[in-house]
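Visitor: Please give me a close look at one part of this model, the surroundings of a ligand, and then lead me on from there.

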Amino acid sequence: MKVCCIGAGYVGGPTCAVMALKCPDIVITLVDKSVERIAQWNSDKLPIYEPGLDEVVKKCRNVNLFFSTDIETAIKEADLIFISVNTPTKTCGNGKGRAADLKYVESAARMIAEIAQSNKIVVEKSTVPVRAAESIMHILRANQKPGIHYDILSNPEFLAEGTAINDLLNADRVLIGGEETPEGHQAVEKLSWIYEHWIPKQNILTTNTWSSELSKLAANAFLAQRISSINSLSAVCEATGADVSEVARAVGLDSRIGSKFLQASVGFGGSCFQKDILNLIYICENLNLPEVAAYWQQVIDMNEYQKRRFSQKIIESLFNTVSDKRIAILGFAFKKNTGDTRETAAITVCQTLLEEGAALDIYDPKVEPEQIIDDLTHPSVTESPEKVKKAVQIHSDPYSAVRATHALVICTEWDEFVDLDFKRIYQSMMKPAYIFDGRKILDHERLQQIGFHVQTIGKKYQRTGLLRSWGIVPQL
Ligand code: NAD
Ligand code: UDX
């Protein structure tokens, strides 16, 4: 069998790499319109950072896994084609700011229709609105050449960045939606056969196409909802003296609730949660289900509130002004173990601090410096890109980032931050020295003993840190 995947991004890359590793009898060609991206996939420095990905790619590349810009040949030769192109939120026109922009999916479908000379199974891997498969089918069948048959399947991807290889190797489930016709069943069987190379058959779930498409949006909405729920309670904790970690533990030990995705934070980011919930909201609005739309809108609103609340807490704690103060930002990616910054909460935090006149010293172990500057000078973030460039310094080492700063803000939960030498950091910072732990990963008691003023999410610290810096409580 020959497989082609259109879209060599965070999903296409790891998915095809694992498929190639587990299916030596299948030849997989991953194609992209971006010449630069394909060149990176063929180089020693892959375009995305994902633990374990390098090893898998090195093992399979040019054996049964190929990266190419020759989209035409790959489509012509393939029996099965994954579409895994981006589906961002629309930025203009109908559904602006809410609906998924399907222009890349549509253009992939049109390419297939134009190029195909034999039967194809077309698999929607991108996250799309319910009934998008119908639009793809419409495009393919309207341009169908005589004797060519198309089957369309929905096969949404559930991998999370930072754990993509493990998620793909040990998927909780693989979901395949297809048409309820004999041909549709056959196509489902063929795709299922690929996954059966490494996924137990009982974990391969088959549904109708629309259920499959909606399940993907639903899964992301549920996950994000849990984060917004615990984040909403973090505000209650800060106002009452309860500790959100203790609340999350107590609640999560109920086996009906479970403990995962209850980590209160500065707010969820990433390319999927917000986009997919907005997409769900748009669908509900169009289906004249305003109450359902409003329900899911709250998950997004709570996330915005959390990002704003944390940023404001920094400013208020620093005597209500950060103007001309240096603030170190540790972590810029939307979560650890990825270099991806899409929708990262760090952008909101930095934007707020920059607007208030702060100078920022930013360190992230995997995000490229140009990416940080691009994000912070984007027109949606600032009207003064030159001012931002002057106020932001990117560091390649956390100790250099914190030197002579008034405060240190943790925006991403990178493991390496836990083991930093905080005594050394304290000595190199301005006093009073503040730490704002937006990920709840540090040992706050110890930091207070060193002399830091500590603020975090979902737990109010008494001002013992301040007392220590005044010499009322001895420092370590
Ligand atoms: P991405 O932006 O990293 O990659 C998409 C790639 O598609 C880009 O390299 C782009 O150049 C390419 N592309 C676009 N149109 C093309 C065309 N017509 N021909 C050839 N190449 C084309 O996106 P991603 O993060 O991999 O996401 C892809 C899809 O998977 C989205 O629908 C997303 O919602 C979904 N998804 C993403 C994740 C994730 O963690 N990133 C997880 C699950 C599902
Ligand atoms: C998510 C889904 O988990 C995945 O199934 C889907 O395929 C794509 O979208 P991803 O966005 O890569 O994956 O990462 P995820 O681990 O879900 O984290 C998303 C955001 O939520 C991150 O910013 C993370 O830091 C935050 N988060 C996660 C929390 O704030 N608290 C938690 O308890 C869990």
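Guide: By class, the shell around ligand 1 holds 10 nonpolar, 11 polar and five charged residues. For these classes, Ala, Val, Leu, Ile, Met, Phe, Trp, Tyr, Cys and Pro count as nonpolar, Asp, Glu, Lys and Arg as charged, and the others, Gly among them, as polar. This is a predicted model, in which local features need pLDDT of at least 70 and side-chain atom pairs count only at pLDDT 80 or more, while totals for chains, interfaces and linings use all residues. Residues are numbered from 1 along each chain as its sequence is written, and chains are lettered from A and ligands numbered from 1 in the order in which they are written.

In total, 26 residues surround ligand 1, and the closest are Gly 7, Gly 9, Tyr 10, Ser 126 and Thr 127. A residue is near a molecule if its C-beta atom, placed from the backbone, lies within 6 Å of it. Helix α5 (residues 103-115) gives the largest share of this shell, three residues. Helices (H or I, at least four residues) and strands (E, at least two) are DSSP runs, numbered from the N terminus.

The chain is assigned domain 1 (2-199), domain 2 (217-302) and domain 3 (305-469), with bounds taken from an automatic or database domain assignment. The centres of domain 1 and domain 3, taken over C-alpha atoms, are separated by 38 Å. Seven residues of domain 1 are in contact with seven residues of domain 3, where contact means that the C-beta atoms of two residues, placed from the backbone, lie within 7 Å. On the side of domain 1 that touches domain 3, four residues are nonpolar, one is polar and two are charged.

Buried means 20 or more other C-beta atoms within 10 Å of a residue's own, exposed means 12 or fewer, and partly exposed lies in between, with C-beta atoms placed from the backbone. Leaving out residues up to four places away in sequence, Cys 411 touches Val 266, Ile 329, Leu 330, Gly 331, Phe 332, Ala 345, Ala 346, Val 349 and Gly 438.

Asn 62 sits in the loop between α3 and β3 and has a positive phi of about 65° although it is not a glycine. Most residues other than glycine have a negative phi, and most peptide bonds are trans. Asn 62 is exposed because it has 9 other C-beta atoms within 10 Å. Asn 337, in the loop between β9 (326-330) and α13 (345-355), has a positive phi too, near 65°, yet it counts as buried, with 20 C-beta neighbours inside 10 Å. As for peptide bonds, the one from Lys 431 to Pro 432 is cis, with omega near -5°, and Pro 432 lies in the loop between α18 (422-428) and β13 (434-437).

One last stop is Thr 69, in the loop between β3 and α4 (71-77). Thr 69 is partly exposed, with 16 other C-beta atoms within 10 Å, and touches Val 31, Asp 32, Val 35 and Ile 38, not counting residues up to four places away in sequence.
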